[in-house]
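Please look over the structure below before reading on.

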Amino acid sequence: RERRSQVLEALVSSLPDEQKAQRVQEMLQVLQVIKDEIERVQFIEASAPYLSAPLPLEKVRKIMEAVQAMRDQENRASTLKVLVSQIPEELFENVLDIVQKMQLEGLLVPILEALAPHLPQRMFPRVLQIAQEIQNDRWRTRVLTTIIAQAPEDLIVEMLDLLQDKNWRTGMLSVLIPYVTEKSFYQLWEAMQTIPDERGRALVMGALAQRMPADFFPQLWQTSQAMNQEEGRIWVLRALLARMPESQFEQVWNAVQTSEDQGQRERMQEILVAHVPKQFFSQVWSEIQVSADANGRGKMLLALAPCVPEEFFSQFFMAVLTISHEVRRLQIFEALAPYVPEEFFPQFFMAILAILNQGVRIRGLTMLIPYIPESFFPQAWETLQTIQGIKVLSDLVAHAPRSFLPRLWEEVRTKAHIAMHMQLIFPFIPYLVQKKFAEVLEVIEELPYGSGLVELLEVL
């Protein structure tokens with residue numbers, strides 16, 4: 001069988017291009033004469049690449065009759081997949097009849113996905129109904145996503161009416177939302193209200209928040225706060241922040257402050273402070289100073305660090321120094337490092353240097369190196385040479401201002417306790433190898449033989 005299929009393919013491929021489509025169509029006329037089912041499938045698969053699109057209606061009818069006569073579902077599925085682009089609109093009903101009779105979802109799913117880009121508009125409702133009958137949740141969602149991605153915009157909302165089981169609306173709405181326009185947003189919002197499960201409503205509401213019109217924020221916020229489940233309210237709040245107008249921040253912050261549940265209040269504050277507009281920073285800063293306990297204050301400071309205005313930096317920095325837990329303090333320093341004013345950098349540097357735990361201190365210094373201002377670099381180099389951490393010095397060299405590299409090289413070359421570390425030499429190579437090649441070799445000659453030395457020579 002396989003050999004006959006290969007012979008057929010070879011014969012067709014050897015024909016001149018202008019004759020291939022015609023000859024293959026003639027061959028398909030005898031398709032039903034082939035009694036062996038597998039051979040029939042191989043015949044169609046071998047012919048498919050050479051067919052002109054679309055085929056004449058009568059020829060497609062003959063092929064569909066041959067497909068329907070196949071007893072094996074897998075053979076029918078394989079044939080439909082290779083012919084999907086050839087099916088004229090008039091025969092899509094016949095194709096869907098065949099597809100709907102397939103009992104194996106593993107065959108049904110790829111067929112529906114292959115059909116989706118070629119569906120006539122009137123066929124979308126029926127295909128959607130077939131997809132709903134898929135029992136595997138993951139496969140059903142996958143197929144629905146593919147179908148909806150191909151659906152005309154005016155059909156998207158209409159598809160919701162085809163969902164008889166309201167419990168399925170959560171999944172269906174989640175699939176629809178990425179394709180929502182402002183025109184269809186309000187219809188989907190109404191559909192969301194019919195979801196019986198509050199958790200499902202929260203999931204869909206959070207997704208809808210990404211697509212809402214700008215003036216819809218107050219209504220969505222009020223609806224989310226009326227939910228009973230804390231997790232649902234927090235989920236929607238996270239989703240809302242990316243679309244929250246600055247003018248709405250104060251209203252949302254004040255509403256959160258009135259929550260009687262301290263745990264919920266602090267969780268929502270932590271989410272909100274990361275998005276505080278500059279004009280509200282003073283209010284938020286004052287309130288978290290008095291409302292949060294030590295642990296809560298640490299979380300707030302971490303979330304607030306990227307938003308600190310320069311005029312508040314000194315106050316904020318002093319508050320961070322009161323955090324006794326060194327790992328938490330370093331986490332806040334890490335979030336703050338990209339925003340440190342240059343004139344404040346020496347204090348910031350010394351605060352990290354004062355961390356008692358050596359591992360935490362080394363981690364903090366390594367983190368800080370990319371942010372060292374050029375004016376502070378000489379002092380940083382002098383100070384960090386006393387640190388027993390070659391990784392810190394190596395990173396410092398890698399981020400050194402170009403004008404400072406000659407001085408660094410002289411110190412590395414003449415101080416044996418530094419020069420004996422191969423890791424420290426690597427960062428110099430791109431900058432100094434042309435001018436100081438002989439000196440680099442002198443240093444390398446003093447290094448012990450090993451895999452590190454071989455790697456260094458390869459780089460050179």
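How many aromatic pairs does a search of the whole structure find? The search finds 18. Rings of Phe, Tyr and Trp (its six-membered ring) pair if their centres lie within 6.5 Å; planes under 30 degrees apart count as stacked, over 60 as edge-to-face and the rest as tilted. This is a predicted model, in which local features need pLDDT of at least 70, side-chain atom pairs count only at pLDDT 80 or more, and totals for chains, interfaces and linings use all residues. Residues are numbered from 1 along each chain as its sequence is written, and side-chain values use heavy atoms, with hydrogens and water left out.

Phenylalanine 313 lies in helix H20 (residues 313-321), and phenylalanine 344 in the loop between helix H21 (326-336) and helix H22 (345-353), so the pair ties together parts 31 residues apart in sequence. Helices are DSSP runs (H or I, at least four residues), numbered from the N terminus. Phenylalanine 313 and phenylalanine 344 are buried, that is, under 20% relative accessible area (1.4 Å probe, protein chains only).

Phenylalanine 349 and phenylalanine 376 have ring centres 5.1 Å apart and planes at 70°, so this pair is also edge-to-face. Both residues are buried. Ring pairs also link Phe313, Phe317, Phe333, Phe344 and Phe348 into a cluster.

Glutamine 248 is in the loop between helix H15 (230-241) and helix H16 (249-257). Its relative accessible area is 15%, so glutamine 248 is buried. Leaving aside neighbours within four places in sequence, glutamine 248 is in contact (heavy atoms within 4.5 Å) with Phe217 and Pro218.

Terms used. Helices (H or I, at least four residues) and strands (E, at least two) are DSSP runs, numbered from the N terminus. Buried means under 20% relative accessible area, exposed over 50%, partly exposed in between (1.4 Å probe, protein chains only).
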